[in-house]
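Please prepare a short briefing for a reader who is new to this structure.

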Amino acid sequence: MHIRRAVYADAEELSSLLNEIIRAGGTTALETPLSAAEFADWFIDGEFPLTCHVAEHDQSLVGFQSLSLFGDPPKGFADIATFARMNVRSRGAGSALFPATRAAAEELGLEFINATIRADNVSGLGYYAKMGFETYDRLAQVPLQDGTPVDRIKKRFRVDAGYRAVES
């Protein structure tokens with residue numbers, strides 16, 4: 001798997017990847033599909049993104065991970081978003097992406113990387129725990145677009161703590 005920085009030309013393929021996950025439901029707080037231009041604005045080159053990396057496998061983009069300041073996080077914090085194709089060939093994309101994201105966080109002088117995960121996203125919660133994120137807060141009963149309440153778990157990674165991924 002090859003990891004590199006995302007560029008605007010990746011937006012079409014990455015928005016398709018993300019929209020597939022959104023349509024499947026159950027793992028992301030995002031509920032409305034994004035156009036390629038919206039994707040680029042949110043994750044690659046808009047006002048809030050700090051960095052975005054992609055994972056390539058067999059000449060296809062199989063995942064991406066971004067850091068952003070969307071939602072005005074506390075000073076020294078940035079929010080992380082991680083998405084991978086919903087098939088076996090993308091297995092390990094998140095783990096392959098995190099060292100590049102962590103290095104970017106260090107270069108940016110961040111103290112913490114924040115992850116806010118739906119409480120019903122078991123794989124997402126497991127992934128961030130494996131990467132060394134620790135739970136520090138819970139947002140209770142945040143409604144989805146259809147009104148269904150779902151808690152959000154807030155986890156953070158201390159950038160200066162070093163990469164502590166647990167081997168599986």
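A residue is called buried under 20% relative accessible area, exposed over 50% and partly exposed in between, with a 1.4 Å probe and protein chains only. By that rule D151 is buried, because its relative accessible area is 14%. The model is predicted, so local features need pLDDT of at least 70 and side-chain atom pairs count only at pLDDT 80 or more, while totals for chains, interfaces and linings use all residues. Residues are numbered from 1 along each chain as its sequence is written, and side-chain values use heavy atoms, with hydrogens and water left out.

**Salt bridges**

- A salt bridge here is a side-chain nitrogen of Lys or Arg within 4 Å of a carboxyl oxygen of Asp or Glu; the whole structure has 7 of them.
- R4, D10 and E56 belong to a network of salt bridges.
- In the bridge between D10 and R4, the closest N and O atoms are 2.8 Å apart.
- D10 is buried at 7% relative accessible area, whereas R4 is partly exposed at 22%.
- E56 also forms a salt bridge with R4, at 3.3 Å from N to O. This pair links distant parts of the chain, with E56 in strand β2 (residues 49–57) and R4 in strand β1 (residues 2–5), 52 residues apart.
- E56 counts as partly exposed, because its relative accessibility is 24%.
- D151 and R138 meet through their side chains in a salt bridge of 2.7 Å, N to O. D151 is in strand β7 and R138 in strand β6, so the pair ties together parts 13 residues apart in sequence.
- R138 is partly exposed, with a relative accessible area of 49%.

**Strands**

- Strands (E, at least two residues) and helices (H or I, at least four) are DSSP runs, numbered from the N terminus.
- Two strands pair if DSSP finds at least two bridges between them.
- β3 and β4 are paired in the antiparallel sense over 6 bridges; S68 has D79 in β4 as its bridge partner.
- β4 and strand β5 (residues 112–118) run parallel and are joined by 3 bridges; A78 has I113 in β5 as its bridge partner.

**Aromatic rings**

- Rings of Phe, Tyr and Trp (its six-membered ring) pair if their centres lie within 6.5 Å; planes under 30 degrees apart count as stacked, over 60 as edge-to-face and the rest as tilted.
- There are 13 aromatic pairs in the structure. One of them is the tilted pair of F133 and F157, 5.5 Å centre to centre with 40° between the planes.
- F133 lies in the loop between α4 (122–130) and β6 (134–143) and F157 in strand β7 (residues 149–158), so the pair ties together parts that are 24 residues apart in sequence.
- Both F133 and F157 are buried.
- F39, W42, F43, F64 and F83 are linked into a cluster by ring pairs.

**Charge over rings**

- A charge sits over a ring if NZ of Lys or CZ of Arg is within 6 Å of the ring centre and within 35 degrees of the ring normal.
- R156 has its charged end over the ring of F112, 4.9 Å from the centre, and over the ring of Y136, 4.6 Å from the centre.

**Surface patch**

- Patches are made of residues with over 30% relative accessible area and no salt bridge; like charges are joined within 9 Å and nonpolar side chains (Val, Leu, Ile, Met, Phe, Trp, Tyr) within 5 Å.
- Accessible areas come from the Shrake-Rupley method with a 1.4 Å probe; for residues, only the protein chains shown count as cover.
- F48, L69 and F70 make up a nonpolar surface patch with about 280 Å² of accessible area together.
- L69 lies in the loop between β3 (60–68) and β4 (77–84) and is partly exposed at 34% relative accessible area.
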